[in-house]
Amino acid sequence: MTATHDLGTSPLTTSDLFRSVFRRHASGVAVITAQGTRPVGFTATSLASVAAEPPLLSFGVGTGSSSWPVLSEAEYVGVHILGEHQRELAGTFARSGADRFGPATGWRSGPEGVPVLDGVLAWLVCRVVARIPAGDHRVLIGEVTTGTAAGAGRPLLYHQGRFNALRD
C-alpha cells in the first residue's frame with residue numbers, strides 16, 4: 001500500500017508516511033527502567049497517560065530491544081521524565097550497546113528494587129498490569145504506586161529525530 005506526501009507528488013509506503021508524520025510530532029522524553037539480574041532501561045517517547053482512577057500510564061517497547069527480556073517479566077518499572085539538561089542521559093539510554101548504568105549515570109535502587117535515576121523532573125514506580133502485543137512492540141500498562149514530581153527544570157522534547165528544549 002502506498003500513500004501520498006507533499007500534496008500527492010511523492011508516493012510513500014504507509015510505514016514511511018507513519019515515520020514522516022511522527023517526526024513532526026513533538027513528544028516528551030522519558031526513561032523506563034526495570035531490575036532483572038541487572039538493571040535495564042531505554043529512552044521512550046511513547047509515554048502516555050491512560051487513566052486517573054486508577055492512575056495508569058502506557059509506553060511501547062520493541063520486542064527486539066535489549067531491555068525487553070527483563071521488561072517481559074518485570075512486576076515493576078520506573079518511569080522518569082527527563083529535563084532539558086539531560087540530553088546526554090537520553091542519548092545514553094537510546095543508544096544500543098551503551099553502558100546505561102555506568103559511572104556517568106547517577107541512580108539508586110528505589111521502591112520495589114526499581115532503578116531510580118537522579119536529577120529527573122519526576123519519577124514514578126508502576127506495577128505492570130498488562131502487556132499488549134502491537135506489531136513488533138508491546139504496549140505496557142502500568143499502575144502508579146509511588147513517585148515524586150519534585151524535580152526542577154523544563155522538560156526535554158523529541159522532535160525531528162533530535163532531543164530539543166522547550167521554547168516559549
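Where does proline 54 lie? Proline 54 sits in the loop between E6 and E7. Those labels need a word. Helices (H or I, at least four residues) and strands (E, at least two) are DSSP runs, numbered from the N terminus. A cis peptide bond joins glutamate 53 to proline 54, with omega at about -10 degrees.

Now the ground rules. This model is predicted: local features need pLDDT of at least 70, side-chain atom pairs count only at pLDDT 80 or more, and totals for chains, interfaces and linings use all residues. Residues are numbered from 1 along each chain as its sequence is written, and side-chain values use heavy atoms, with hydrogens and water left out.

Let's turn to the rings. Rings of Phe, Tyr and Trp (its six-membered ring) pair if their centres lie within 6.5 Å; planes under 30 degrees apart count as stacked, over 60 as edge-to-face and the rest as tilted. That rule gives five aromatic pairs. Take phenylalanine 42 and phenylalanine 59. Their ring centres are 6.1 Å apart and their planes stand at 55 degrees, so this pair is tilted. The pair links distant parts of the chain, 17 residues apart. Phenylalanine 42 belongs to strand E5 (residues 39–44), and phenylalanine 59 to strand E7 (residues 56–62). Both phenylalanine 42 and phenylalanine 59 are buried. Buried means under 20% relative accessible area, exposed over 50%, partly exposed in between (1.4 Å probe, protein chains only).

Next, tyrosine 158 and phenylalanine 163. Here the ring centres are 5.3 Å apart and the planes are at 55 degrees, so this pair is tilted. Is tyrosine 158 buried or partly exposed? Tyrosine 158 counts as partly exposed, at 28% relative accessibility. Phenylalanine 163 has a relative accessible area of 19% and is buried. Ring pairs also link Phe93, Phe101 and Trp107 into a cluster.

Phe93 takes us to helix H3. In H3, Leu89, Ala90, Gly91, Thr92 and Phe93 are buried. What covers the buried residues of H3? Among the elements are strand E4 (30–35), E5 and strand E10 (115–117). Strand E13 (156–159) and strand E14 (162–165) are included too.

On to the largest pocket. First, the method. On a 1 Å grid over the protein atoms alone, a cavity is a set of points where a 1.4 Å probe fits but cannot get out, and a pocket is an open set with protein on both sides within 12 Å along at least five of seven lines; lining residues have an atom within 4 Å of a point. Grid points are joined across faces, edges and corners, and a volume is the space filled by probe spheres set on the points. The largest pocket has a volume of about 1100 Å³. Its lining has 34 residues, and the closest to the centre are Thr43, Ala44, Thr45, Gly60 and His137. Helix H1 (14–23), E5, E7 and helix H3 (87–94) each give two or more residues to this lining. Which element gives the most to the lining? E5 does, with six residues.

Serine 46 is next, in the loop between E5 and strand E6 (48–51). Its relative accessible area is 36%, so serine 46 is partly exposed. Leaving out residues up to four places away in sequence, serine 46 touches Ser58, Phe59 and Gly60 (contact means heavy atoms within 4.5 Å). A polar atom of the serine 46 side chain lies 2.8 Å from the backbone nitrogen of glycine 60. Serine 46 and valine 139 are 93 residues apart in sequence, yet 9.3 Å apart in space, C-alpha to C-alpha.

Compare histidine 80, in strand E8 (residues 76–81). Histidine 80 counts as buried, at 0% relative accessibility. Its side chain reaches the backbone oxygen of valine 31 at 2.9 Å. The side chain of histidine 80 also reaches the backbone nitrogen of leucine 117, at 3.2 Å.

Last, two backbone angles. Phi of glutamate 112 is near 60 degrees, a positive value in a residue other than glycine. Glutamate 112 is in the loop between strand E9 (107–109) and E10, and counts as exposed at 53% relative accessibility. Glutamine 160 has phi near 55 degrees, again a positive value in a residue other than glycine. Glutamine 160 lies in the loop between E13 and E14. With a relative accessible area of 41%, glutamine 160 is partly exposed.

How values were computed. A polar contact is a pair of N or O atoms within 3.5 Å; within protein, one must be able to donate a hydrogen and the other to accept it, and residues adjacent in sequence count only if both atoms are side-chain atoms.
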